[in-house]
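Morning, everyone. I have one structure to walk through today.

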Amino acid sequence: MSIKFEKVDYIYSPKTPFEKKALDNVSFELKENSFVAIIGHTGSGKSTLMQHFNALLKPSAGQINIAGFTLNAQTSNKHLKKLREKVSLVFQFPEAQLFESTVLKDIEYGPKNFGYSEQEASELAKKWLKKVGLPVSVGERSPFDLSGGQMRRVAIAGVMAYEPDILCLDEPAAGLDPHGKQEMFNLFKQYQKEGHTVILVTHNMDDVAEYADDVLVLEKGKLLRHGTPGEIFSNSEWLLQHHLAMPTANLFAKKLVENNLNIDLNPLTIDRLANQIEQKLVKENNE
Amino acid sequence: MKKFFFKLSLQELIFLALVIAIKIILGRFSFGPTYVKVGLGFIGSVALGYFFGPVWGAVGGGISDLVSSALFGNEGGFFIGFTLTAMLAPMIYGAFFYRKPIKIWRIVAASLLVTIFVNILLNTIWLHFIYKMSFTAALTARLLKEIIVPWIQMIIIFFVLNGLQRVNERKEKLEKSRM
């Protein structure tokens, strides 16, 4: 079962003076169990697209097939709970949604909402508290006594605790320290490898190059391109034209090529770039 | 007197403005079937009274009414009487909840007082003034709703106060750590 968008339009405040078309004839198909990145400028429709994945917004026109559900303009708000158990969103700065008196209760809230028993919810909460890298002792504290990074982890644990098939993340690492960011991304990558789909909305091209295996590029509500990171980042002129950044490794590779070191222009990750430079040097030494 | 009317620090003033804004936004929402719509503005009044006491709560209530009518307009035009009633509710909630432990009887008493004095008596008098409706006619039209709604409000107020209490504990902790 794949995620399929067919000619999806979305218009905010239709038939008013504030009418704005945020998605314009968007069609694509995403494979299950892939790590998808959605990139594009501020205001390109990334967040609007993301809110379609679990029907917080319903398409003004077109159709969406996701997790066995078919969504279109006529879809009613009833019966969407099952969809939201399967498709979860982590909003930007999710720590703002913490509210319970203890950390564990806050993580349990989602599972309980989807019908898990007290005991199941409590076990899941403990398991995910550990998974997001927090000590057990934090569990009984108020979420408001934690640091920003810890709060972020608690909020993400709350969304992942009921193990949704599809996890959508909007800038999940914004404002985290480098180590914490690495940990969070490893968690998401691991989650994907265990057989879930992860969809990531981001501005950071290094993360896209490092983790994604499928990329959607949006511009002004239109789907500009859909391909692997290798395909998307292969053409630096095209990226420049559409005001998209290049991964750091590509930028550096470009500088090297300009200085007559003959290597691949599209290494994507620092590791691969280092490998290529190493090979090049070994070869030159041997000659 | 000090207990009811304290000097606001800049921080508290900004918090007051925030709660006023919250009250205005809550006032735009209501739930329930059409014949007993429960508006959520009273939650804002409870928060004003609970955090700021009767005096500043009343000030906040008045300002929220003025700002709300400036932004969204009032049904049937602006009338100063409704500003007065918007001041009275947080004042009553403040007298019952401000710096006091949460007790069921306080919630029941405060809600009943607000319902009887503010919603039933005063607001009916204002309608009588504005539309020259006969007092009993205006009253009977509103009575059914005002008999049902306060009980729903009491339950909500109980949970709201428990939430607000957690905010308050945190606020006090922060203030202490600053001293």
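Keep in mind that this is a predicted model. I'll start with chain B. The UniProt entry, which is unreviewed, lists "transmembrane region" for residues 6–26, 38–58, 78–98, 105–127 and 147–164 of chain B. Let's check two of those stretches against the model. Residues 38–58 of chain B are 86% helix and 10% strand. The C-alpha atoms at the ends of that stretch sit 22 Å apart. Now residues 78–98 of chain B. Here the chain is 86% helix and 0% strand, with end C-alpha atoms 30 Å apart.

On to chain A, and its sheet. What is the strand order? In this open sheet of six strands, the order is β6-β7-β8-β3-β9-β10, and the pairing is mixed. The edge strands are β6 (87–90) and β10 (222–227) of chain A; each has a single partner strand, so one side of each has no neighbour in the sheet. From one strand to the next, the twist averages 15 degrees.

Strand β9 of chain A, residues 214–219, runs antiparallel to β10(A), and five bridges join the two. In one of these pairings, L218(A) has L223(A) in β10(A) as its bridge partner.

Now the helices. Helix α6 of chain A, residues 178–193, lies across β3, β7 and β8 of chain A. Its angle to β8(A) is about 145 degrees.

Last, helix α1 of chain A, residues 46–53. Buried or exposed? Mostly covered: six of its eight residues are buried. Among them are K46(A), H52(A) and F53(A). After α1(A) comes A55(A), with a positive phi near 65 degrees.

Definitions and conventions:
Residues numbered from 1 in each chain as written. Chains lettered and ligands numbered in written order. Predicted model: local features only at pLDDT ≥ 70, side-chain atom pairs only at ≥ 80, totals over all residues. Heavy atoms only, no water. Pairing = 2+ DSSP bridges. Helix = DSSP H or I, 4+ residues; strand = E, 2+ residues; numbered from the N terminus. Axes fitted to C-alpha atoms, helices over the stretch in contact; angles between N-to-C directions. Contact = heavy atoms within 4.5 Å. UniProt positions renumbered as here; feature names shortened; annotations may be inferred. Buried < 20%, exposed > 50% of the residue type's maximum accessible area, 1.4 Å probe, protein only.
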